[in-house]
Amino acid sequence: MNIEDIKRSENKVYSKPELLNDTPMHYCPGCSHGVVHKLVAEVIKEMGQDNNTIAVAPVGCAVFAYKYIDVDWIEAAHGRAPAVATAAKRLNPERLVFTYQGDGDLAAIGTAETIHAANRGENITIIFINNAIYGMTGGQMAPTTLEGQKTATTPYGRRIDLNGYPLKISDLLAMLPGTCYVTRQTVHTPASVRKAKAAIRKAFENSMAGRGTSVVEVVSTCNSGWKMSPEKSNEWMVENMVPFYPLGDLKNNSEK
Amino acid sequence: MAKVIGAVDINRERCKGCNLCVVACPTDVLGLQPKEVNDRGYHFAYTVNPDNCIGCASCALVCPDACIEVYRVVEK
Amino acid sequence: MKGNEAIAHAAIRYGVDGYFGYPITPQSEVLETLEALMPWETTGMTVLQAESEVASINMVYGGAATGKAVMTSSSSPGISLMQEGMSYIAASELPALVINVMRGGPGLGTIHPSQSDYFQATKGGGHGDYHYIVLAPATVQEMADFVGLGFDLAFKYRTPALLLADGIVGQMMEKVVLPPQRPRRTPEQIKEQCPWAATGGSAGRKPNIITSLELDSAQMEKNNERFQRTYRLIEQNEVRYQEYFTDDAEYLLVAFGSIARICLKAIEDARARGIKIGLLRPITLWPYPYEAIARMADRVKGILVVELNAGQMIEDVRLAVEGRVPVRHYGRMGGIVPNPAEILDSFESQFNL
């Protein structure tokens, strides 16, 4: 069979998600954000929620998420996405409402909004990209930066005595009665991408079923901030991030 | 025995040459253009060994920029 | 009822979709009354006690972004915390209502009444070139009426409104005629009134995006020019003020909010003694009644601005008067409210009468 015969529409098994538009994403080459954007776009469409979604964008690298996924978006102030989403969902309970936030947005400046929205059990999903660094502002220390990790503001490595401990915010959120599902995923291999997609789907289903707050943490890479190639970043993530931020469900009260 | 054959289409202008698809491919189909670049200056991915493709979509799954379309046929 | 309670009743009757707030004296009765009235059982209005004023104002931002009629209330320190969110709401051209029942500052200050947030309210307390439509109620009736007026103006111009009250009018009890109960708008009405809103119901249209971010300077300047065009239109159409005894006035008092009522008593006392004073009470503090004050400046010998602060609105009066007549100030701070005699004493000594 020649290649043109293979490339027929009936044989197509994978293509760009319909809700992901043609605008080129501004992310650096190899950035995990793009993969998670694809998964979010795919799940919204597969759940038939493409005309029933209010998404909330953060401040950080994903500030322009609204340019890429074709649903209604609200761009929140830094850290305030869970408060914005709280009102959007309470006033529009029939909608799928989710936030998309990075570690600085969610676990530093927005800690109060995150914890209280989750503790109220708001029927929203929080997609949490943890790459242990502030990417947008040029690679400074994040609340989730590992001990010893070099960043622009910890040039000799994060020191616990100076900078405190990396924050496992998802573990904190899993302790709250308002959360129904807290999981930690990666998107660095085909298998992990499939699992992360299933997690996002489960979270969105929880939100629509009114089961409380769902949190999908995606342990991610920031090759620009980490100053490594995308490939090396994945290796570094597996060797350093995953042992400290173990993968899997921290809490799963989702129904089948 | 059934044989699975596949093919990929790469959107060269969306591609940022991150190389993650090349790493993910189990059958060494893909590579980055050694010299040629796209309009934005990236050495984009292309099929070095198109005949090896089994249509597994591993490359497309890990591609952060959704540049890859995958086709698969099972020949009996 | 109390002014704060009137706000809560008026909000339900207007058909407000959501209130998000955090307790702070002297306005906690707004949230308390709403929680007691349980409007979610009747009109379907959402009421939520947030974890902070920062969260409250961002909930207002989120609700307003979906086209809903949403509001918050607080007092001075809480309003300071909200400034970032208030700037975002203005920059995103969202209708919303914010209520500040002012207390004395700066800092934690006092829980007693004050008008020392005039600059913050009218000159833009947050970052960037923006304005809120600022309404200053002087009676409990106006506390109730300005909820509806604030929302009407906010939706008309797609710009937020601020009700700038003080602790006196918040805590004072007066008779009030509440507006009739209106139904909340239906999703269809919201869709028609707010085609820009991120309602989530995006079938048949392009996605709606609510953002204040624009990195292209040329476009960002255009956005600012659009905001400014709206502000010029509001200045043209929405200036509100009330004149008392100005027909034959030889001197003028200018005061807003509850202190204007004390000025009125002082004027009556003065007139009994043959001193013809009038009062101009700005109702909108932004847009400001510059023209009305300029007209009065051509007819009177002097103007006394009376405020519960160190002298804030006096700057706008001076801008209006342009040096034609002397403009003096009498103010008390820290929660002290002057009586009519003190106002008159100050007036007479400052104008050598």
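Select strands E9 (residues 251–254) and E10 (residues 277–282) of chain C: the two run parallel and are joined by 4 bridges. Helices (H or I, at least four residues) and strands (E, at least two) are DSSP runs, numbered from the N terminus. This is a predicted model, in which local features need pLDDT of at least 70 and side-chain atom pairs count only at pLDDT 80 or more, while totals for chains, interfaces and linings use all residues. Residues are numbered from 1 along each chain as its sequence is written, and chains are lettered from A and ligands numbered from 1 in the order in which they are written.

**The sheet in chain C**

Stay on E10(C). There C:Ile277 stands opposite C:Tyr251. Two strands pair if DSSP finds at least two bridges between them.

Axes are lines fitted to C-alpha atoms, for helices over the stretch in contact, and angles run from 0 to 180 degrees between N-to-C directions.

**Where A meets C**

Of the 2 pairs of chains in contact, A and C share the most contacts. Residues are in contact if their C-beta atoms, placed from the backbone, lie within 7 Å. Select H3 (residues 81–91) of chain A and H3 (residues 53–65) of chain C. Their axes come within 7 Å and cross at roughly 45°. The residues making this contact include A:Val84 and A:Leu91 of H3(A), and C:Met59 and C:Tyr61 of H3(C).

**Where A meets B**

Now show chain B. 29 of its residues are in contact with 27 residues of chain A. On the side of chain B that touches chain A, E4(B) gives the most, with 6 residues. Strand E1 (residues 12–14) of chain A pairs with E4(B) in the antiparallel sense, over 2 bridges. Pick A:Tyr14: its bridge partner in E4(B) is B:Val70.

Last stop: chains B and C. No contact joins them, and their closest C-alpha atoms lie 19 Å apart.
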